Amino acid sequence: MPFDFVLRNGRIAGRDHELVDIGVREGRIAAIGPKLEMGASDGSREFALDGRLVIPGFVETHIHLDKSCISDRCTCRTGTLQEAIETVAAAKLAFTEEDIYARARRTLEKAIVQGTTRMRSHVEVDPRIGLKGFRAISQLKRDYAWAVDVEICVFPQEGLNNDPGTFELLVEACENGADLIGGCPYTDSDPHRQIARIFDLAKRFGMDIDFHLDFDLDPSWMHLDEVCRQASEHRWGGRVAIGHVTKLSALDPASLQRVGAKLGDAGVAVTVLPATDLFLMGRGVSHSVPRGVAPAHRLREQGVVCSLATNNVLNPFTPFGDCSLLRIANLYANVAQTGRPDELQACFDMVTTLAARLMNLKDYGVAVGNPADIVVLDCTDPVSAVAELAQPVLGMKRGRVSFWHAPATLNRPDAILVDGMQSGLTARAASPTNDNNNN
Ligand SMILES: [Zn+2]
């Protein structure tokens, strides 16, 4: 049978030394090997990858689509976490479903062209916003299923026990298509009770859990202990993730080792959100400001499943964001002072394979039989991808091209500026069957 597409001479992460062709048929990867026969079919197409790196796309384990792109309607003075929560809570009162959808769409489209093919979006639920965010993101999830798989994690950002009506809304969302349940014990009047109620909900609906947790720099106490205890008690290991955990950046190596062992034993995964954590932590300090980013690479060395993620985009929690997970990996590597090839590879893993493991994705990977989720990066290996922020040049979701970027072309003094730029772009737009040889 002919392939719908053949991608020629790519390098698959993990087997970087060999060049292979990837044959795609009916939305799936049908064959991987050297010099695949295209088969006779008028509709089939080839892409010449010229040795570029092929990955199954980046995996965004933690992003807030619903409250993205509101920097222009928020005024912040102190830059603290408390101020960010209060400012967004106030702005949220004016959110409509259409407004949430439009802002989230802008953010999601940026993530798609940065090569993200899988995503977990946290969505806030409380009596003031109701299910507006949940409905808007659910609609967006359906509308963009051609480019990215989005799973929705509903959670009580402003507390659960202190906010009557929130629990019932979480239940309603879980009954109507939420994929998993989140928590935010640090804003709750009774953090341990919130953790217990979230575990109860997770068991009731058979869902994974993803907590916002331990988001300060005081290592003398941690909600992490209670989450690990309950994960073990409920035998929910492998199904629980915690995000931020900035407290861990304030631990000495021996204490961190103990926490790593506890996380590993309980099967609790960790997501580090360097952009937000760098922006919000250490605000009370006038100089030698602590970085406040949990050392994910150290935990990973102990076998803890770790990911790096975006969290917030253009709002008081993080007034930046291009939705590039490669940039987040690069940012983390820079902040964590991890620059050796094995360390940069680990940063790459934390936005790809390890992130997929955190989300319990069973069909992620460039392998025969998996969905043809393919992103081509303009580099030859994961280490240079992180070090040089390699541009994603082509994306495919379930065997359909979902985006492409025209590579930059130097306009040398001796070049004739034909319709150079213009024709290059339109040629690609008209026919993505490119040869990548014009640079
Ligand atoms: Zn978050």
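S286 is exposed, with a relative accessible area of 67%; exposed means over 50%, buried under 20% and partly exposed in between, with a 1.4 Å probe and protein chains only. This is a predicted model, in which local features need pLDDT of at least 70, side-chain atom pairs count only at pLDDT 80 or more, and totals for chains, interfaces and linings use all residues. Residues are numbered from 1 along each chain as its sequence is written, and side-chain values use heavy atoms, with hydrogens and water left out.

**Around S286**

- You will find S286 in the loop between α8 (274-280) and α9 (296-301); helices (H or I, at least four residues) and strands (E, at least two) are DSSP runs numbered from the N terminus.
- The side chains of S286 and H287 make a polar contact at 2.7 Å. Such a contact is a pair of N or O atoms within 3.5 Å; within protein, one must be able to donate a hydrogen and the other to accept it, and residues adjacent in sequence count only if both atoms are side-chain atoms.
- Between the C-alpha atoms of S286 and I209 there are 37 Å, and the two residues are 77 apart along the chain.

**The zinc site**

- The zinc ion has H62 (NE2), H64 (NE2), H212 (NE2) and N311 (OD1) as its protein donors, at 2.0 to 2.2 Å. Donors are N, O and S atoms within 2.8 Å of the metal (3.2 Å for Na, K and Ca), and sites may look incomplete because water is not among the atoms.
- Along the sequence, these donor residues follow the spacing H-x1-H-x147-H-x98-N.
- H212 in strand β10 (residues 209-213) and N311 in the loop between β13 (306-308) and α10 (325-335) are 99 residues apart, so this pair links distant parts of the chain.
- H212 is buried, with a relative accessible area of 2%, and N311 is buried as well, at 1%.

**The whole chain**

- The chain contains 14 helices and 16 strands.
- Its radius of gyration is 22 Å, close to the 22 Å that the globule rule gives for 439 residues, so the chain is as compact as a globular protein of that length. The radius is taken over C-alpha atoms, and the rule is 2.2 Å times the number of residues to the power 0.38.
- The C-alpha trace spans about 65 × 45 × 45 Å along its principal axes.
- Of the 439 residues, 56% count as buried.
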